[in-house]
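Work through the exercises below with the sequence and the model in view. Each task is followed by a solution in steps.

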Amino acid sequence: MSRRVFGSIWRARPIVIGLFAMTVGVQAQSSGTNSGEWTSYGGDLRNHHYSPLDQINASNFSKLEVAWRFKADSLGPRPEYKLEGTPLMVKGVVYATAGTRRAVVALAAATGELLWVHSEHEGKRGEAAPRQLSGRGLSYWSDGKGDDRILYVTPGYQLVALDAKTGSLIKTFGGNGLVDMKQYAVYGVNQKIDPVNGEIGLHATPAVTKSGVVLVGSAFREGRTPKTHNNTKGMVLAFDVRTGRRLWQFNTIPRPGEFGNDTWLNESWAVNGNTGVWSQIAVDEELGLVYLPVETPSSDFYGASRPGNNLFGDTLVCVDLKTGQRKWHFQLVHHALWNMDIAAAPILTDITVGGKPVKAVAITSKQAFVYVFDRVNGKPVWPIEERPVEKGDVPGEWYSPTQPFPTKPPAIDYQGVTLDNLIDFTPALRAEAQQIASKYKLGPVFTPPVVSKVAGPYGSFRSSGGVNWPGGMYDPESHIAYLPSFTSLLPLGLLPPPSREFSDIAYVEGDARLGVRYIAGPGEVVAPAAQMPTRPAPSPDAGGGSATPSGGLNPQGLPLVKPPYGRITAINLDTGEIVWQVAHGETPDAVRNHPALKGLTIPRTGQAGYAGALITKTLVIAGEPQLTTTADHPRGAMLRAYDKATGKEAGAVWMPAPQSGTPMTYRVNGRQYIVVAISGGNYSGEYLAFALPQ
């Protein structure tokens, strides 16, 4: 495939292969999954990840075969090993992002044949991006009269509009097809960020309404060892899909005169950043409302520079679609100190509670709570209680005396490390786990971080699992939500940084036994020629090794806490009750083959890792996030199906690598396909399309 160079920006021009005639035998259909298409990341802007298709069902799931596959190795100067996209399918064409430059590809839905490809070569700007690689996907819009568009965000935070038929830039959108969104980003008191090195990006897809509004969030580097609390400020931007004109901007750190500014005491709004919206946005076009899942402010674990509750950090915010004005909000975590974010997309549901219909919105969380609100007025569907929580003792920190606790539904996964959930396969393992845990501060959700000490505690724990970015799924017919979660209770200790040049924050993540080191986040420092952010090396006094000694938390190499390590939970949102819960994923090899467990019968443990699900007429479908080797299959991962009414496994098919993106489904020429991204380890990114034998 040829590429040309235009001006100072390198762009791979769209390449059209053969005739664009894959729509033969496919009728132009209305958008949404009811038509057999998949027109947005979550299937629709309600983020249901649901399709009523049922050609693939419990009776034949295990007979699925690979119908086509698309490898992304050539979409960039080197392969990508972290493919997280969920494709779209519209009018017989699959659209997806892939590769180290975040290329856009159009594929024939029936065969996987490449139709066109487009990518932006952003040079130094792309290399400096905090959120690199191919991201989670793209968006589609049509006026219903032949103007069909693909929109996506580049690693360098440019909004791009392409002709869906040819892949060509739409020259009338923004500046020759692109909008430079960095021009709207600021830090401090309205100081513009650098257009090349300024820190802002996005992995999520834009949300594009039928009425033609494009909604784009913002993301930053991980906040574990940040260089400064005065980072780029989060925002949500709205654009006209036809012209690229900015319609409105919502500031997630309120400025003076804006609602919530008074929750940043001592004018601290002026010297803090982050608070982005890095997950998928939800939209109810009938109500004209947008639902924004906002993350933690800078820094993730220490907030002395931002006293107060810090709206709209860790807050679900409802805004007006036309104006961006706040309608209501609910803060899930006051003065966040645990990097809980709101990692998952809001799910818009129409439920019946106590015999009355409720237009609801559900939010899942890393802390394994599920929060359900009336999406019109923001009132909790079931009481959410403000309960006292422990106050920490980190010097200078400001603590909220209470945190919100939903009374329904119940928590769906572990929320903290306690003596009750330590591993207990054998008395010896239990004793070793207790010995390890004695060096840490244990406690439930919202246990405060501690300063790490050589004599102990080395740290506390925080939940980085629960329901993370793949989010939850919802069946609009049964009103049941299906929530993939996993246990990831990471140690968290705080230490002063080795110097002001390393960080201007008084405490960053570290371990007293080994000191402080720079911790890169996922998707960072992976672009071609990208460099690790420059930081002075820690002084000899501060150490500089791993933040946590390797293996130090694992009794004989096993996980510290009991299984399940990964789960899928079904919750009836009419009642707030759990319908069923299963361990998702084969028992890891390191557990199943461990000599200390020889002769024991260990039920399937599930697997820790990101594993989004797909809901169909009868099935819940999700792939495994880890590789295993068993008597039933060679080394690989299984794409599993469960009966959505009971949770009973209904079938499985083998994949050569773990699932790394959330699956989707569509029907073309009478045949149903399931497409899933796989990658990880030494297996580079690939989209697999499964279908029944013809």
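**Exercise 1.** Is Trp338 buried or exposed?

Solution. The model is predicted, so to speak of local features a pLDDT of at least 70 is needed, and side-chain atom pairs count only at pLDDT 80 or more, while totals for chains, interfaces and linings use all residues. Residues are numbered from 1 along each chain as its sequence is written, and side-chain values use heavy atoms, without hydrogens and water. Buried means under 20% relative accessible area, exposed means over 50%, and partly exposed lies in between, with a 1.4 Å probe and protein chains only. Trp338 has 5% relative accessibility, so Trp338 counts as buried.

**Exercise 2.** Describe the aromatic pair of Trp338 and Phe446.

Solution. Start with the rule: rings of Phe, Tyr and Trp (its six-membered ring) pair if their centres lie within 6.5 Å; planes under 30 degrees apart are stacked, over 60 edge-to-face, and the rest tilted. For Trp338 and Phe446 the centres are 5.4 Å apart and the planes stand at 70°, an edge-to-face pair. Next, locate the partners. Trp338 is in the loop between strands E21 and E22, Phe446 in the loop between helix H2 and strand E27, 108 residues apart. Helices (H or I, at least four residues) and strands (E, at least two) are DSSP runs, numbered from the N terminus. Phe446, at 3% relative accessibility, is buried. Finally, ring pairs join Trp338, Phe369, Tyr371, Phe405 and Phe446 into a cluster.

**Exercise 3.** Classify the pair of Phe259 and Phe312, one of 18 aromatic pairs in the structure.

Solution. The ring centres are 6.5 Å apart and the planes lie at 20°, so Phe259 and Phe312 are stacked. The two residues are 53 apart in the chain, Phe259 between E17 and E18 and Phe312 between E19 and E20. Phe259 is partly exposed at 45% relative accessibility, whereas Phe312 is buried at 2%.

**Exercise 4.** Which ring does Arg136 lie over?

Solution. A charge sits over a ring if NZ of Lys or CZ of Arg is within 6 Å of the ring centre and within 35 degrees of the ring normal. Arg136 lies over the face of Trp469, 3.8 Å from the ring centre. Likewise, the charged end of Arg567 sits over the ring of Tyr414, at 4.9 Å from its centre.
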